Amino acid sequence: MNSNNPEVSIIMSVYNGEHFVTDAINSILNQTFRNFEFLIFNDGSKDGSLKKIKKFKDKRIKLYSF
């Protein structure tokens, strides 16, 4: 895997998805295909979504929070 040149970009938006975001992220990270960047856009969540996203330490994840 070349993390400097991912073959695929996966984009996920989150808004108040605290109850689902951990399962959704794990589903992407556990795919057999590994050469991707994972862009997560937190669109002003007011629940615990952002806190749960920040617990992931996978270098393929790039978090943008507005």
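Thr22 sits in helix 1, which covers residues 21–29. The model is a predicted one. With a relative accessibility of 30%, Thr22 counts as partly exposed. Setting aside residues up to four places away in sequence, Thr22 touches Lys52 and Phe56. Thr22 and Ile53 are 31 residues apart along the chain, yet their C-alpha atoms are separated by 7.1 Å.

**Overall fold**

The chain contains two helices and three strands, and along the sequence these elements follow the pattern β-α-β-α-β. Its radius of gyration is 12 Å, which agrees with the value near 11 Å that a compact globule of 66 residues would have. Along the principal axes, the C-alpha atoms fill a box of roughly 35 × 20 × 15 Å. Among contacts with a separation of 6 or more, 69% join residues 24 or more positions apart.

Buried residues make up 30% of the 66 residues in the chain. The chain exposes about 4,600 Å², of which carbon and sulfur atoms supply 51%. There are 10 positive and 7 negative side chains, and the centres of the two sets lie 7 Å apart.

Strand 2 spans residues 36–42 and includes Asn42. Asn42 has a relative accessible area of 2%; the cut-off for buried is under 20%, so Asn42 is buried. The side chain of Asn42 forms a polar contact of 2.6 Å with the side chain of Ser45. Beyond its neighbours within four places in sequence, Asn42 is in contact with Val14, Ser49, Leu50, Leu63, Tyr64, Ser65 and Phe66.

Glu37 is also found in strand 2. A polar contact of 2.4 Å joins the side chains of Glu37 and Ser9. Apart from neighbours within four places in sequence, the contacts of Glu37 are Pro6, Val8, Ser9, Ile10, Arg60 and Lys62.

**Strand 3: Leu63**

Leu63 lies in strand 3, residues 61–65. At 30% relative accessibility, Leu63 is partly exposed. Leu63 and Leu39 are 24 residues apart in sequence, with a C-alpha to C-alpha distance of 6.1 Å. With neighbours within four places left out, Leu63 is in contact with Ile40, Asn42, Leu50, Ile53 and Lys54.

Asn16 belongs to the loop between strand 1 (8–14) and helix 1. Asn16 has a relative accessible area of 33% and is partly exposed. Its phi is positive, at about 50°, although Asn16 is not a glycine. Most residues other than glycine have a negative phi.

**Accessibility of the residues described**

| Residue | Relative accessible area | Class |
|---|---|---|
| Asn42 | 2% | buried |
| Thr22 | 30% | partly exposed |
| Leu63 | 30% | partly exposed |
| Asn16 | 33% | partly exposed |

**Links between the elements**

Several of these contacts join separate parts of the chain. Thr22, in helix 1, touches Lys52 and Phe56, while Leu63 is in contact with residues including Ile53 and Lys54.

Technical notes. Residues numbered from 1 in each chain as written. Predicted model: local features only at pLDDT ≥ 70, side-chain atom pairs only at ≥ 80, totals over all residues. Heavy atoms only, no water. Helix = DSSP H or I, 4+ residues; strand = E, 2+ residues; numbered from the N terminus. Rg over C-alpha atoms; globule rule 2.2 N^0.38 Å. Buried < 20%, exposed > 50% of the residue type's maximum accessible area, 1.4 Å probe, protein only. Contact = heavy atoms within 4.5 Å. Areas by Shrake-Rupley, 256 points an atom, 1.4 Å probe, with all protein chains shown as cover. Lys, Arg positive; Asp, Glu negative; His and termini not counted. Charge placed at Lys NZ, Arg CZ, Asp CG, Glu CD. Polar contact = N/O pair within 3.5 Å; in protein donor to acceptor, adjacent residues only side chain to side chain.
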